[in-house]
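Hi there,

I am handing over the structure we talked about.

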Amino acid sequence: MAYGACNVTFDWSIALETLPALLSALRITAFATVLGMLAAAVLGLVWAIARRSPKRMVSSLAGLAVEFIRSTPLLIQIYFLFYVLPEIGIVMSPMFTGVIALGLHYSAYLSEVYRAGVEGVPKGQWEAARALNLGRLETWRLVILPQALPPVVPAMGNYLIAMFKDTPMLSAITVLELLQTAKVIGAERFRYLEPLTLVGLLFLLLSLGASLLVRWGEGYLGKAQAR
Amino acid sequence: MSFFALCWSLLDGLAVTLLLTAGGSLVAIGLAWIAGLGRLSTHRVVRATAAVYVEVFRGTSALVQLYWFFYALPLLGVHLSPLVTGVVVLGLNIGAYGAEVVRGAIVSIGSDQREAAVALNMTRRQQLWLVIVPQALLRMLPPAGNLLIELMKATALVSLITLSDLTFRGMILRAETLDTVQVFGLLLLIYFGIGQALIVGVRALERRVAGRWHMGRAT
């Protein structure tokens, strides 16, 4: 685009024309977010339990892994999986590679959330489980997790929103999610302003809506616990 | 390619990444204070402006913001170089999160402190800067340290707007050598190293601030 095109203004008719394509791309974004969160929730729990392992080796390795995943860029983790997985013979679609990368990255954050929940369970509960002669697995499954998980659900909601906002990074490995679709439309029509602004607005609306839900959840849980 | 040759070719990119981290955090700190205090202003217009800034930049994705400033803003007549775009967007994005840190820490200081300051006949400005902020500063530092790490990690995104930072150099190097595991492994280690250095720095700052105002331990 030439320098002369300075006085471009926002064209609503173009915005309306591009909206359907963006909305259908939003489904890909939502799909990646939901699957990524499921992976993160499961893997995060594994980290959290591993970090409380009685074996020093296991707990410190898990701690190091979480710290490493958390303090390195998600984009490079995405590239890493995208290029390395096929080399070791695991071939899957960019979409699923992206979901795994999102899940892995956020599992590190979620393990901290779980840890806070587990630390909130009184020590007497562990002792009671031992007095009842429950095994390690049963202690976690029947005593600790049912008490540790409900209070941390809203915090997990915040990470769901954060993950949603990180899905545009999947565009770097050719996933046609919201941002990549907007870029393709922009390149085809030489109009970046409308599609990119719409993508911004969609993210804004959805994450604001979701954070209202999380806040409502926090209030609801607060009341439920006070009862 | 030997390990040292790999490191050497990434050094230029490292300089860009460090420059972005430093520049971005300066912009972010400035904006965090302006918007954080702005949200506590007595003027409704200032409060609303700060709130809109915070919600817009927290509510949209960093990469979307980067693309918008890189692809859409020039169409509106504002031309920024990729480096300036990177610094400005990273600063605006993390600054919005930082504003909540500043606001939260100031709100968390008990009202008795403000009442004592009023009793001492301090002006509003004196109350804020001599009583509230010195105490709030210590509470801001741990979350601010986390945001600094987030900013450092987000610098990798600028490789997608043609800036040759560490990630960009790594991509070129991977294409040349095809040593994917080595190149990306090294990249991850370098970012991890920068992150650990930042954490050590923030902890040292916490200790200094805690010592300066003789206030307990930094938690």
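Read along its sequence, chain B runs α-α-α-α-α-α-α-α. That pattern amounts to eight helices and zero strands; both are DSSP runs numbered from the N terminus, with at least four residues of H or I for a helix and at least two of E for a strand.

Some housekeeping before the rest. Residues count from 1 along each chain as its sequence is written, while chains are lettered from A and ligands numbered from 1 in the order in which they are written. This is a predicted model, where local features need pLDDT of at least 70, side-chain atom pairs count only at pLDDT 80 or more, and totals for chains, interfaces and linings use all residues.

The pLDDT is the predictor's confidence in each residue, from 0 to 100. For chain A its mean is 91, and 95% of the residues reach 70 or more. Residues 1-5 of chain A are below 50, and this stretch has two contacts in the model beyond near neighbours in sequence. A contact here means two C-beta atoms, placed from the backbone, within 7 Å.

Back to chain B. Its C-alpha trace spans about 70 × 45 × 20 Å along the principal axes. Of its 219 residues, 40% are buried (20 or more other C-beta atoms within 10 Å of a residue's own; exposed is 12 or fewer, and partly exposed is in between).

How do the chains meet? On the chain B side, 29 residues are in contact with 33 residues of chain A. Helices α2, α3, α6, α7 and α8 of chain B each supply at least two residues of that side, and α8(B) gives the largest share, eight residues. By type, the chain B side divides into 19 nonpolar, seven polar and three charged residues. Nonpolar means Ala, Val, Leu, Ile, Met, Phe, Trp, Tyr, Cys and Pro, charged means Asp, Glu, Lys and Arg, and the others, Gly among them, are polar.

Two loop residues of chain B are worth a look. Thr162(B), between α6 and α7, has a positive phi near 70°. Leu178(B), between α7 and α8, has a positive phi near 60°. Thr162(B) is exposed, with 10 other C-beta atoms within 10 Å, and Leu178(B) is exposed with 11.

Finally, the largest nonpolar core has 109 residues, and Leu75(A), Ile78(A) and Val199(A) have the most contacts inside it. Such a core is a set of buried Ala, Val, Leu, Ile, Met, Phe, Trp, Tyr and Cys residues joined through C-beta atoms within 7 Å.

Happy exploring!
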